[in-house]
Amino acid sequence: MRRVLIAACAAALVATAPAAATLPYHSGGSSIGEGVPLKAYASMSPTVHLFGDVVTARLAVVADTKWVDAQQLRVRTNFAPYVSLHKPQVLRLRSGRFMQVTWTWQLRCLASPCVPRLPPSDKFHVYHFTPAHIDYVTPAGRRAYGIDAYWPPVEVLSQVSPGVARFLQLTNHISWRLRLAPVAAPTYRVSPSLVLWLAIGLAAGFGVLTLWLGTRWYLIVRPRRTAPVELPGTPLERALAVLRYAHETGDETLQRKAFERVADELGIERADELTRVARELAWSPRTPEDEEVEEFAVQALGSQEDEA
């Protein structure tokens with residue numbers, strides 16, 4: 001049954017436009033004859049149609065599978081100004097060494113170039129499409145050889161009947177089936193101007209509300225500025241106060257830092273001996289006794305009074 005179907009398809013393709021071949025010749029022969037590995041045929045149905053009708057384009061490649069792998073066939077087409085309604089349908093039929101691959105496109109042209117125009121001598125258009133090109137590529141993707149298949153010309157006719165076309169030619173008047181004017185004025189449930197001003201008012205209200213909320217949020221989360229506090233006493237007196245506090249609380253680290261601060265405030269020029277004692281107590285491995293700390297503080301304050 002398949003042999004009969006393939007034979008019928010091949011016979012039908014004889015009447016279609018044959019391909020221009022640039023193919024290798026196999027002296028050992030091929031199943032399709034003439035020593036060539038493949039042949040291609042292109043057809044259009046119908047070749048005469050009315051504007052807007054669908055046209056079917058078929059491209060059939062008949063190949064000898066001894067020389068051709070049908071999976072390696074690549075087709076390039078261009079049907080401008082017609083456009084394809086979908087991707088081409090591909091049908092493969094095989095019997096022995098004989099393989100036929102058929103691509104089918106559904107075409108339509110609704111663009112201005114396809115519109116038949118008056119005068120009557122130009123009431124139809126005839127289109128000659130670019131030939132379809134079939135390439136046979138190697139498994140590595142390189143072109144081995146190819147052939148062209150030529151499409152038959154397609155003629156498009158107007159859907160306007162000859163009587164209507166004659167009437168238009170004589171009167172240059174179109175008898176419209178529907179009245180285009182007058183057009184009733186549009187009606188609205190709510191006035192567009194009212195909707196516009198309401199929208200503007202709502203936008204302004206939301207803007208004011210957003211500004212007020214943003215201001216309140218900023219006043220709550222912003223850091224509060226506090227006035228600088230002036231501590232009583234001289235820097236030396238404040239350093240001695242920290243020293244006494246650290247000694248009373250038993251904070252050894254703070255106490256050592258306080259001795260260093262007192263030494264810095266005393267200075268080498270003003271109280272060399274006291275400065276040396278402060279640094280020794282700051283880095284002493286033992287913790288100074290209460291009497292030592294108090295005596296040092298009295299001496300430091302005395303040196304400040306002597307300096308003054």
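How many salt bridges does the count come to? The count comes to four. Keep in mind as you explore that this is a predicted model.

## Salt bridges around Asp-135

Let us start with Asp-135, which takes part in two of the pairings described here. One partner is Arg-76: the closest N and O atoms of this salt bridge are 3.0 Å apart. Asp-135 sits in strand β10 (residues 132-137), while Arg-76 belongs to strand β5 (residues 73-76), so this pair ties together parts that lie 59 residues apart in sequence. If you find both residues on the sequence and then in the 3D view, you can follow this link between the two strands.

Asp-135 also forms a salt bridge with Arg-143, and here the closest N and O atoms are 2.8 Å apart. How exposed are the members of this group? Asp-135 counts as buried because its relative accessibility is 9%, and buried means under 20%. Arg-76, at 48%, counts as partly exposed, and Arg-143, at 49%, is also partly exposed.

Now turn to helix α5, which covers residues 252-266. Which two side chains meet here in a salt bridge with an N to O distance of 2.8 Å? They are those of Arg-256 and Glu-252. Both residues lie in helix α5, four residues apart, which is about one turn of the helix. Glu-252 has 40% relative accessibility and counts as partly exposed. Arg-256 is partly exposed as well, with a relative accessible area of 22%.

Back at Asp-135, salt bridges with shared partners join Arg-76, Asp-135 and Arg-143 into one network.

## The disulfide

The structure holds one disulfide. Cys-109 and Cys-114 form this link, with their sulfur atoms 1.8 Å apart. The angle about the S-S bond is 95 degrees, and the link is right-handed. Are these two cysteines buried or exposed? Both Cys-109 and Cys-114 are buried.

## Two patches on the surface

The surface carries a patch of negative charge, where Glu-248, Glu-289, Asp-290 and Glu-291 gather. Glu-248 is found in helix α4, which spans residues 235-249. Glu-248 has a relative accessible area of 66%, so it is exposed; the cut-off for that word is over 50%.

There is also a nonpolar surface patch of about 550 Å². Its members are Leu-202, Phe-206, Leu-209, Trp-212 and Leu-213. To locate one of them, look at helix α3 (residues 192-221), where Leu-213 has its place. Leu-213 is partly exposed, with a relative accessible area of 45%.

## Cis peptide bonds

Ser-45 and Pro-46 are joined by a cis peptide bond, with omega about -5 degrees. Where is Pro-46 placed? Pro-46 is in the loop between β2 (38-45) and β3 (48-50).

The peptide bond from Ala-80 to Pro-81 is cis too, and its omega is near 5 degrees. Pro-81 is found in the loop between β5 and β6 (83-84).

Methods: Residues are numbered from 1 along each chain as its sequence is written. This is a predicted model: local features need pLDDT of at least 70, side-chain atom pairs count only at pLDDT 80 or more; totals for chains, interfaces and linings use all residues. Side-chain values use heavy atoms; hydrogens and water are left out. A disulfide is a pair of cysteine sulfur atoms within 2.5 Å. Buried means under 20% relative accessible area, exposed over 50%, partly exposed in between (1.4 Å probe, protein chains only). Patches are made of residues with over 30% relative accessible area and no salt bridge: like charges are joined within 9 Å, nonpolar side chains (Val, Leu, Ile, Met, Phe, Trp, Tyr) within 5 Å. Accessible areas come from the Shrake-Rupley method with a 1.4 Å probe; for residues, only the protein chains shown count as cover. Lys and Arg count as positive and Asp and Glu as negative; His and the chain ends are not counted. The place of a charge is taken as NZ of Lys, CZ of Arg, CG of Asp or CD of Glu.
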